[in-house]
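Colleague: I have not looked at this one before. Can you take me through it?

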Amino acid sequence: MNLVNLDSVGCVLNTKTGETYLMNEDGTPDTYNPVYLEDCCEEWYMDLSPEDNEVVQTTRLELS
């Protein structure tokens, strides 16, 4: 998996699948409850830092 921490929203993004995972306290992903980027709410997107937003938008473009 190609995982990137999205610290601004407390998630980990798998850039190959578009799945996001809540980040455990130790920084590891909670892989039991993935949420796909297209299922994330508008508030989640608004809370992304500029750096994290760039990673998310690049991932969305590559997956489309």
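Modeller: We will go from the overall fold to a few residues. This is a predicted model, where local features need pLDDT of at least 70, side-chain atom pairs count only at pLDDT 80 or more, and totals for chains, interfaces and linings use all residues. Residues are numbered from 1 along each chain as its sequence is written, and side-chain values use heavy atoms, with hydrogens and water left out.

Colleague: Which elements does the protein chain have, and in what order do they run?

Modeller: The protein chain has 2 helices and 4 strands, in the order β-β-β-β-α-α from the N terminus. Helices (H or I, at least four residues) and strands (E, at least two) are DSSP runs, numbered from the N terminus.

Colleague: How do strand 1 and strand 2 pair?

Modeller: Strand 1 (residues 3-6) and strand 2 (residues 11-14) are antiparallel, with 4 bridges; pairing requires that DSSP finds at least two bridges between two strands. Val 4 has Leu 13 as its bridge partner in strand 2. The two strands form a hairpin with 4 residues between them, and Gly 10 in the turn has a positive phi of about 65°.

Colleague: What about Thr 59, buried or exposed?

Modeller: Thr 59 counts as buried because its relative accessibility is 2%. Buried means under 20% relative accessible area, exposed over 50%, partly exposed in between (1.4 Å probe, protein chains only). Thr 59 belongs to helix 2 (residues 50-63).

Colleague: Which residues does Thr 59 touch?

Modeller: Leaving out residues up to four places away in sequence, Thr 59 touches Leu 13, Thr 15 and Leu 37. Contact means heavy atoms within 4.5 Å.
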